[in-house]
Amino acid sequence: MRAARRSPSPAPNRRRVLLAGGALGLGALLTACGDSDSSASGKNGKGGGGGGSWRFKDDRGKTAATEEHPKNIVAFISAAAALHDYGIECKGVFGPSEPVGGKPNPQAGDLNLKGLTSLGTEWGQFNIEKYAALEPDLLISNMFPAPALWYVPEESTEKIASLAPTVGISVARTSLKEPLKRYTELAASLGADLETERVRAAKARFHRAERTLRKAAEANRGLKVMAMTGTADQMYVAVPDSYCDLNYFKDLGIEFVEGKKSDEWGFWEFLGWENADRYHADLIMIDNRTSALPAKELAKKPTWNKLPAVAAGQTIPWPMEERYSYAGYAPVLERLAAAVEKSKRLKR
């Protein structure tokens, strides 16, 4: 697997998505609207939800600007879910949103997808005609890493960017605290009230979970945790510092297996399944995205089943594209803390 930027194939490729999701960027620079150094609009954290002009400086250093406050917002699925947690609703979404095993897609958070227009659910799918029909005022997505907007097709970036301003939030090679802060600022600029009971309760729950995870890590020093994803041919071990969540968990005391960078993007170490036991782990975090090899397929790999953590049942889903809101990440911290508390150090 090499960078999606150099792939000649125009067709969506599951392996490309897997490795690109926090691994390989999309490619070309997106045209941003405006280049002012102004930051988000809004006052006292409550946003500017009136009918006036709007500006927001994104993580590419570009300022998106509209003459009237954005109403028709289109966003990558987890970005839309994060904004929803602050009371900001989108009109359209793109990216994985279909149910998984009969349950809501974890990347969709608490969104009511029936009321949203989907522009495409797979890598490379983005229906520009549907997008234009929504009369978009603003497009929002994550960046893995900057400056490319996640799930916006490389070959269509200029056309998409010509229809409405775009905002990119960086979610790689930083602490989780940064995208959480940036989505809060973005929501406030769009009119969110940060003092509602719902928002305040979510943030309080997050900080409680943070303390719980720190305490669990302290009580279980020496427990080795590995984050991974897989394809039919290979297993991929995460490079923790490249992922904002893993980076943050390290700050709280979690001891990770440190995958070594296998390519210039530096998000994964690529291992053939015959080398799945290269690292010892007491607890394994398994990529829960629809693009990842599901548990029933992992179970068909003999070397996977022989891993001590797998044999001991010490695994946990890894929501590596969770929505960047306090409401989204509080349960993630709680589940990880519970798994760390229950897990035992295993024999190598």
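Predicted model: local features only at pLDDT ≥ 70, side-chain atom pairs only at ≥ 80, totals over all residues.
## A walk from the open sheet to the aromatic pairs

Strands E6 and E7 run parallel to each other and are joined by five bridges.

Now widen the view to the whole sheet. E6 and E7 belong to an open sheet of five strands, ordered E5-E4-E3-E6-E7, and the pairing is parallel. At its edges are strand E5 (117–118) and strand E7 (166–170); each has a single partner strand, so one side of each lacks a neighbour in the sheet.

Helix H2 lies across E3, E4 and E6, and its direction makes an angle of about 120 degrees with E3. Helix H5 lies across E6 and E7, running at about 155 degrees to E7.

How do H2 and H5 meet each other? Their axes come within 10 Å and cross at roughly 65 degrees. Angles of 65 to 115 degrees count as roughly perpendicular, and H2 and H5 are therefore described as roughly perpendicular to each other. On the H2 side, the contact is made by Ala79, Ala82 and Leu83, while H5 brings Tyr183, Leu186 and Ala187. The crossing of H2 past H5 is right-handed.

Five of its five residues are buried, so E12 is largely enclosed by the rest of the structure. Leu283, Met285 and Asp287 point one way from the strand, Ile284 and Ile286 point the other way, and all are buried.

Which strands pair with E12? Strand E8 (residues 224–230) runs parallel to E12 and is joined to it by four bridges; in that pairing, leucine 283 of E12 is the bridge partner of valine 225. Strand E13 (residues 315–318) also pairs with E12 in the parallel sense, over four bridges. Here aspartate 287 has tryptophan 318 of E13 as its bridge partner.

Finally, look at the aromatic side chains. The structure holds 21 aromatic pairs. In one of them, the ring centres of tyrosine 236 and tryptophan 268 are 6.3 Å apart and the planes stand at 70 degrees, so this pair is edge-to-face. The two residues come from distant parts of the chain, 32 residues apart: tyrosine 236 is in strand E9 (residues 234–238) and tryptophan 268 in strand E11 (residues 268–272). Are these two residues buried or exposed? Residues under 20% relative accessible area count as buried, so tyrosine 236, at 0%, is buried, and so is tryptophan 268, at 1%.

Elsewhere, one aromatic cluster is formed by Phe76, Phe94, Trp123, Phe126, Tyr131, Phe144, Trp150 and Tyr151.

Note on methods: Residues numbered from 1 in each chain as written. Heavy atoms only, no water. Buried < 20%, exposed > 50% of the residue type's maximum accessible area, 1.4 Å probe, protein only. Pairing = 2+ DSSP bridges. Phe/Tyr/Trp six-rings, centres within 6.5 Å; stacked < 30°, edge-to-face > 60°. Axes fitted to C-alpha atoms, helices over the stretch in contact; angles between N-to-C directions. Parallel < 35°, antiparallel > 145°, perpendicular 65-115°, else oblique. Left-handed = near helix turned anticlockwise from the far one by under 90°. Contact = heavy atoms within 4.5 Å.
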